[in-house]
Structure formats: C-alpha cells, structure tokens
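Visitor: I would like to learn how to read the charged side chains in a model like this one. Could you take me through it step by step?

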Amino acid sequence: MISLRLGKHLEDRLEQLAEGTGRTKTYYIRQLLEAHLDEMEDRYLAEQRLETPGPRLSSDEMRQELGLDH
C-alpha cells in the first residue's frame, strides 16, 4: 500500500480523468508508473554510470567480448 499527496491542480486533473472515463484514480496512477518507471530507472542508471564510469572497451574489444568476431 502506498499513499501520496498530490497538489490540488494535479489531484483535480486526475479526478476529472477518472470521473470522465469511469476508471479509478488508482488505475491511472498504476498506468503512469508502468509506462514511465522503466524510463526513470534507465535515466538514473545512466546518470550513475556518468558519475562513476566503469572500464571502457573499444569496438573491437566489445565485438570480441560478445563473440561477434569469427
């Protein structure tokens, strides 16, 4: 169970959407999370990698690592 506080404007918009479509506010919050959580995870992972970069590979080294060189 999660509870969250929304600003009045956002709450009103969500309420209107739910009422206008016959769905619940929970339904739309779940849809938003499912649609955007992957993007947010990817962004934070990319930011973390930029802050603490790992070893770099050349394209030849990467091909070899992936077994693409025959």
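**Reading the salt bridges**

Guide: Let us begin with one pair in this predicted model: Glu47 and Arg43 form a salt bridge, in which the closest N and O atoms are 3.0 Å apart.

Visitor: What is the general idea behind such a pair, and where do Glu47 and Arg43 lie?

Guide: Side chains of opposite charge can pair when their charged atoms come close. In this case both Glu47 and Arg43 belong to helix 2, where they are four residues apart, about one turn of the helix. Glu47 is partly exposed, with a relative accessible area of 30%, whereas Arg43 is exposed at 55%.

Visitor: How many salt bridges does the structure hold, and which residue forms a salt bridge with Lys8?

Guide: The structure holds four salt bridges, and one of them joins Lys8 to Asp12, with 3.0 Å between the closest N and O atoms. Both residues sit in helix 1, which covers residues 8–21, and they are again four residues apart, about one turn of the helix. Lys8 is exposed, with a relative accessible area of 63%, while Asp12 is partly exposed at 31%.

Visitor: Which parts does the pair of Lys25 and Glu11 tie together?

Guide: The side chains of Lys25 and Glu11 meet in a salt bridge, at 2.8 Å from N to O. Lys25 lies in helix 2 and Glu11 in helix 1, so this pair ties together parts that are 14 residues apart in sequence. Lys25 counts as partly exposed, at 29% relative accessibility, and Glu11 is likewise partly exposed, with a relative accessible area of 27%.

Visitor: How should I read charges that gather in a surface patch?

Guide: A patch is made of residues that have no salt bridge, and like charges are joined within 9 Å. Here Asp38, Glu39, Glu41 and Asp42 form a negative surface patch. Asp42 is found in helix 2, which covers residues 25–51, and Asp42 is exposed, with a relative accessible area of 53%. Over the protein chain there are 10 positive and 15 negative side chains, and the centres of the two sets lie 8 Å apart.

Visitor: Which pattern does the protein chain follow along the sequence, and why is it described as more spread out than a compact globule?

Guide: Read along the sequence, the pattern is α-α-α. The radius of gyration is 21 Å, well over the 11 Å that the globule rule gives for 70 residues, so the protein chain is more spread out than a compact globule. Of the 70 residues, 4% count as buried.

Technical notes. Residues are numbered from 1 along each chain as its sequence is written. This is a predicted model: local features need pLDDT of at least 70, side-chain atom pairs count only at pLDDT 80 or more; totals for chains, interfaces and linings use all residues. Side-chain values use heavy atoms; hydrogens and water are left out. Helices (H or I, at least four residues) and strands (E, at least two) are DSSP runs, numbered from the N terminus. The radius of gyration is taken over C-alpha atoms; the globule rule is 2.2 Å times the number of residues to the power 0.38. Buried means under 20% relative accessible area, exposed over 50%, partly exposed in between (1.4 Å probe, protein chains only). Lys and Arg count as positive and Asp and Glu as negative; His and the chain ends are not counted. The place of a charge is taken as NZ of Lys, CZ of Arg, CG of Asp or CD of Glu. Patches are made of residues with over 30% relative accessible area and no salt bridge: like charges are joined within 9 Å, nonpolar side chains (Val, Leu, Ile, Met, Phe, Trp, Tyr) within 5 Å. Accessible areas come from the Shrake-Rupley method with a 1.4 Å probe; for residues, only the protein chains shown count as cover.
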